[in-house]
Amino acid sequence: MSTAVSQLEHTYADAVPDLVLNWSAAPVRNPSALVVNDELAAELGLDPRELVGSGLLTGTVPEGVQPVAMAYSGHQFGMYQPRLGDGRALLLGEIVDPQGHRHDLHLKGSGRTRFARGGDGRAALGPMLREYLMGEAMHALGIPTSRGLAVSTTGEDVPRDTGLLPGAVLARVASSHIRVGTFQYAAATGGPDLVRALTDHAIARHHPEATDVLDFYRRVVHAQAALIAQWMLVGFVHGVMNTDNTTISGETIDYGPCAFMDRYDPQTVFSSIDHAGRYAYGNQPPIARWNLARLGEALLPLIDEDSDTAIEKATAVVQEFGEVYERHFQAGMAAKLGLREPDPDLVADLLALLHAQQVDWTGFFRAGTPRDLFLDRDAYDAWAARWHPELDRDHANPLYVPRNHLVDEALTAAEQGDLAPFLEILEVVSAPYTEQPGRERYTEPGSGPFVTYCGT
Ligand SMILES: Nc1ncnc2c1ncn2[C@@H]1O[C@H](COP(=O)(O)OP(=O)(O)OP(=O)(O)O)[C@@H](O)[C@H]1O
């Protein structure tokens, strides 16, 4: 086995042993690597063939390596759940790549752990391929994200509401899986000492420039504000922005019922369980800020020993979210519109127009003649008279995003044994800015509305 694999490190488990549970993956009947991310493997200094042969992708670990289930709690749809944790996931260990960057190697669908509650610990092939595809699309768009290293089928069926589905294990890589919910769990179960140990580890790993706990908090708030702005600029709807899916690193994780919006509408929701629209496209910035306020609460005893002062300081920091988000969003919109300087009024009027006219978000910014996309062309002309692009816009506007109707089509085919459509859409969204002749259908919006079953 390559040195990188045999030298999986465990700095997280060593730093906060109270936040992990030693655990092993459930044996898999007939493991077979279906998709392997050669490019990512190479970046990590791993040999893809050796990786497949080692069994690591479904949880067979070298001697001396101890996988763990990570503990966390979290607010799910606004309701506090004291004990979530990796119910069907495992942290195999950390890989330090040839550049010296540390990454978690994590499995999803590797069997029940003590955190599983009612779940069976398994994952179905479709959702694991969805997570892999979405991560690659986001990565190609330049958005911080976890990435799939491989999806392996298990040879076992998984019972879900829609019937028996092929089972799979996703091996994924992230700069860490430390979540707002991890801090909530530490605060609730261990108090300030445990929060301090977790904070020290998170600072060293993600925000080493932080001068103190308040400054660490500020850096997380800013990283999340920048991330959410990037989601909004590409029309990404995460779908399950619970505090346990909000990272300290500022990376996107946990791709469940997520999707890219076609027609611009702030109310866009894809998740079949999000009845109230809590996690609709347009709600994402305030929800992220709300989640970050929960992080602030967990950090309060470390921010100041006087609780009123701590609350005052943390509140001031979380309130920076709006301004930082707006700065990133407006800079991004200026790039999308080819402007030298942000123009919030022009943007606000464009958004109102796109909404009223139900114009495709991704399509508008790369259209040769955007006017053709509007029913009320006079309204467009009135807006466009104020729009004077000066800069090249193609590098800021993807031609291809994973359109939900095409993702569903590819996943359905994969579940029936035909991987070709999945491999094609993966290739298309992996080069989102480059025109790919013959692939025009990937630029077309679906006829929606679409609901992504929150199945797992
Ligand atoms: N089939 C399942 N078996 C066991 N636990 C599950 C199952 N599905 C979800 N869970 C657990 O429910 C909780 C919340 O689920 P959520 O959808 O946020 O996570 P997930 O999709 O399993 O994984 P992650 O957030 O790590 O990507 C987690 O603690 C997860 O481990």
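Predicted model: local features only at pLDDT ≥ 70, side-chain atom pairs only at ≥ 80, totals over all residues.

**Entry: Leu 295**

I found Leu 295 in helix H9, which covers residues 284–303. Is Leu 295 buried or exposed? I put it down as buried, because 26 other C-beta atoms lie within 10 Å and the cut-off for buried is 20 or more. Next I set aside the neighbours within four places in sequence, and Leu 295 was in contact with Val 180, Phe 183, Tyr 217 and Val 220. I also checked Thr 243, which is 52 residues from Leu 295 along the chain; their C-alpha atoms are separated by 8.5 Å.

**Entry: H8 and H11**

Two packed helices are described by the angle between their axes and the distance between the axes. I looked up both for H8 (residues 213–234) and H11 (residues 320–337): the axes come within 8 Å and cross at roughly 35°. I noted the crossing as right-handed. On the H8 side, the residues that meet H11 include Val 221, Ala 225, Ile 228 and Met 232. From H11, I wrote down Phe 321, Val 324, Phe 329 and Met 333 among them. By class, I have twelve nonpolar, three polar and three charged residues in the contact of H8 with H11.

**Entry: the ligand**

How many residues surround the ligand? I have 20, and the closest are Leu 84, Gly 87, Arg 88, Gly 119 and Asp 254. I sorted this shell into five nonpolar, seven polar and eight charged residues.

How values were computed
Residues numbered from 1 in each chain as written. Near = placed C-beta within 6 Å. Nonpolar A, V, L, I, M, F, W, Y, C, P; charged D, E, K, R; others polar. Helix = DSSP H or I, 4+ residues; strand = E, 2+ residues; numbered from the N terminus. Buried ≥ 20, exposed ≤ 12 C-beta atoms within 10 Å, placed from the backbone. Contact = placed C-beta atoms within 7 Å. Axes fitted to C-alpha atoms, helices over the stretch in contact; angles between N-to-C directions. Left-handed = near helix turned anticlockwise from the far one by under 90°.
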